[in-house]
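Subject: Structure handover

Dear colleague,

Here is the structure you are taking over. Please keep it open while you read the notes below it.

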Amino acid sequence: MAVTIDDLPWVGSSDLANARRQTKKLLSVLRTHRAPAVGFVNEGKLQMGEVEARTALLRDWVNAGMILGNHTYSHADFNALTVEQFAADILKGESVTRRLMRARLPYQLYFRSPMTRTGNTAAKKEGLEKFLAEHGYKMTPHTIENSDFIFNAVYVRARQGGDEATAKRLRESYLDYTIAATEFAERISPQIFGREVTQTLLLHANDITADCLNEMLLRFKTRGYRFVTLDQAMADPAYATKDTLVSSRGPTWLWRWMKSIGKDVSFDGDPEPPDWVMTSYRQTLSAQ
Ligand SMILES: [Zn+2]
C-alpha cells in the first residue's frame with residue numbers, strides 16, 4: 001500500500017502551533033512504520049501569513065524523506081475552470097515545492113487534482129493529460145479513500161468545544177470506517193483485475209488523521225500490508241490501465257478502471273460514514 005496525504009502544509013492551518021505539532025506527529029508515525037508518503041501541496045496556503053514558518057513545515061516533510069507533489073496553488077476546482085486556467089494554477093503551485101525538492105532530483109513529479117476531479121468533458125480530460133505529460137507530471141490515482149475530511153470537520157469542532165467523549169468516539173469510528181473502506185477495495189479489485197492490486201490510500205494533513213495514523217497503520221499491518229512508495233505502487237500493472245472515464249465527480253480509480261475496460265462490477269456495499277457522523281458534519285458545515 002502507498003500512502004498519499006493531501007492539502008499540505010495543513011488543513012485549517014490558521015493555528016500554526018497546532019500545524020507544527022501535528023506535522024511532527026504525522027511524520028514521526030510515518031517514519032516509525034517505514035511508510036514512505038507523498039504529500040500534495042497547496043502553495044497558496046503558505047500565504048496565510050508566517051510564510052517562512054509554513055514553508056518550514058514542508059521542509060520537514062522533505063527532511064523526513066517524503067516526496068512533495070502538486071495539488072494546485074489554490075485547491076482549484078477543475079469543473080469550474082478551463083484547461084488553461086487550471087494549468088496556470090498548477091504551474092503557480094510548484095515553485096516552492098520544486099525548490100525544496102531540488103536536492104532529491106531526479107524524482108517523479110506527481111499531481112493530484114483537488115477533489116480528484118480530472119475533467120468533466122473528454123476535451124478537458126485530454127487537455128489536462130497532455131499538459132501534465134508535457135511538464136513531466138504523473139496523475140496520482142487513489143484506490144482507498146476514507147472521508148477523513150468529514151470526520152475531521154466534526155472532530156475539530158468537538159475538540160474546540162472540549163467534548164473529548166465525542167472526539168474519542170469519532171477516532172474509533174474513523175478507524176473502523178477506514179478498515180471498512182479498505183476491505184471494500186480488497187473485495188472489488190479482484191473482480192476487476194482478477195487479483196488484489198497494490199492499494200493507494202488518500203488521506204489529508206488534518207487533525208483526526210494525525211491523531212489516528214499510528215493505530216491505522218498498525219491495523220493495516222495486521223491485515224498483512226506493507227508500505228511502499230508511490231513509484232512502487234504505480235508499477236503495479238493495474239495502474240497502467242488508461243482512465244478514460246469522463247465525470248464531474250472524483251471517484252476511486254477502481255471505479256474508473258472498471259468503467260474504462262468495459263467491465264460491469266457492482267459497487268453496492270461501498271461503505272459510507274455512519275449516519276451520526278454525517279448528521280454532525282452537515283451541522284458543522286451549516287454552522288460555519
Ligand atoms: Zn485536496
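**Zinc site**

H75 is partly exposed, at 27% relative accessible area. (Buried is under 20% relative accessible area, exposed is over 50%, and partly exposed is in between, with a 1.4 Å probe and protein chains only.) The model is predicted, so local features need pLDDT of at least 70 and side-chain atom pairs count only at pLDDT 80 or more, while totals for chains, interfaces and linings use all residues. Residues are numbered from 1 along each chain as its sequence is written, and side-chain values use heavy atoms, with hydrogens and water left out.

H75 is one of the protein donors of the zinc ion. The donor atoms are OD of D7, NE2 of H71 and NE2 of H75, and they lie 2.0 to 2.1 Å from the zinc ion. (Donors are N, O and S atoms within 2.8 Å of the metal, or 3.2 Å for Na, K and Ca; water is not among the atoms, so sites may look incomplete.) Along the chain, the zinc donors are spaced D-x63-H-x3-H. The pair D7 and H75 links distant parts of the chain, 68 residues apart. D7 sits in strand β1 (residues 2-8), and H75 in the loop between β3 (67-70) and α3 (83-92). (Helices are DSSP runs of H or I with at least four residues, strands are runs of E with at least two, and both are numbered from the N terminus.)

Phi of D7 is near 70 degrees, a positive value in a residue other than glycine.

**Backbone features**

M115 also has a positive phi, of about 55 degrees, and is not a glycine. M115 lies in the loop between β4 and α5. At 37% relative accessibility, M115 is partly exposed.

There are cis peptide bonds to check. One joins L8 and P9, with omega of about 5 degrees. P9 is in the loop between β1 and α1 (16-32). Another joins L105 and P106, with omega of about -5 degrees. P106 is placed in the loop between α4 and β4.

R219 is in helix α8 (residues 207-222). With 25% relative accessible area, R219 is partly exposed. Leaving out residues up to four places away in sequence, R219 touches L175, D176 and I179. (Contact means heavy atoms within 4.5 Å.) The side chains of R219 and D176 make a polar contact at 2.9 Å. (A polar contact is a pair of N or O atoms within 3.5 Å; within protein, one must be able to donate a hydrogen and the other to accept it, and residues adjacent in sequence count only if both atoms are side-chain atoms.) R219 and V38 are 181 residues apart in sequence, and their C-alpha atoms are 20 Å apart in space.

H142 is in the loop between β5 (137-139) and β6 (144-145). H142 is buried, with a relative accessible area of 3%. Its contacts, again without residues up to four places away in sequence, are R112, T116, T200, L202, G250, P251, T252 and W253.

**Cavity and pocket**

How many cavities of 30 Å³ or more are there? The count comes to one. (On a 1 Å grid over the protein atoms alone, a cavity is a set of points where a 1.4 Å probe fits but cannot get out; a pocket is an open set with protein on both sides within 12 Å along at least five of seven lines; lining residues have an atom within 4 Å of a point.) The largest cavity has a volume of about 50 Å³. (Grid points are joined across faces, edges and corners, and a volume is the space filled by probe spheres set on the points.) Its lining consists of L68, G69, N70, G93, E94, T97, R98, Y107, L109, Y110 and Y137. The elements giving two or more of these residues are β3, α4 (95-100) and β4 (109-111). β3 gives the most, with three. By class, the cavity lining has five nonpolar, four polar and two charged residues. (Ala, Val, Leu, Ile, Met, Phe, Trp, Tyr, Cys and Pro count as nonpolar, Asp, Glu, Lys and Arg as charged, and the others, Gly among them, as polar.)

The second largest pocket has a volume of about 400 Å³. It is lined by 19 residues, and E129, K138, M139, D243 and W253 are the closest to its centre. Elements with two or more residues in this lining are α5 (122-134), β5 and α10 (253-260). α5 gives the most, five residues. The pocket lining divides into eleven nonpolar, two polar and six charged residues.

Best wishes
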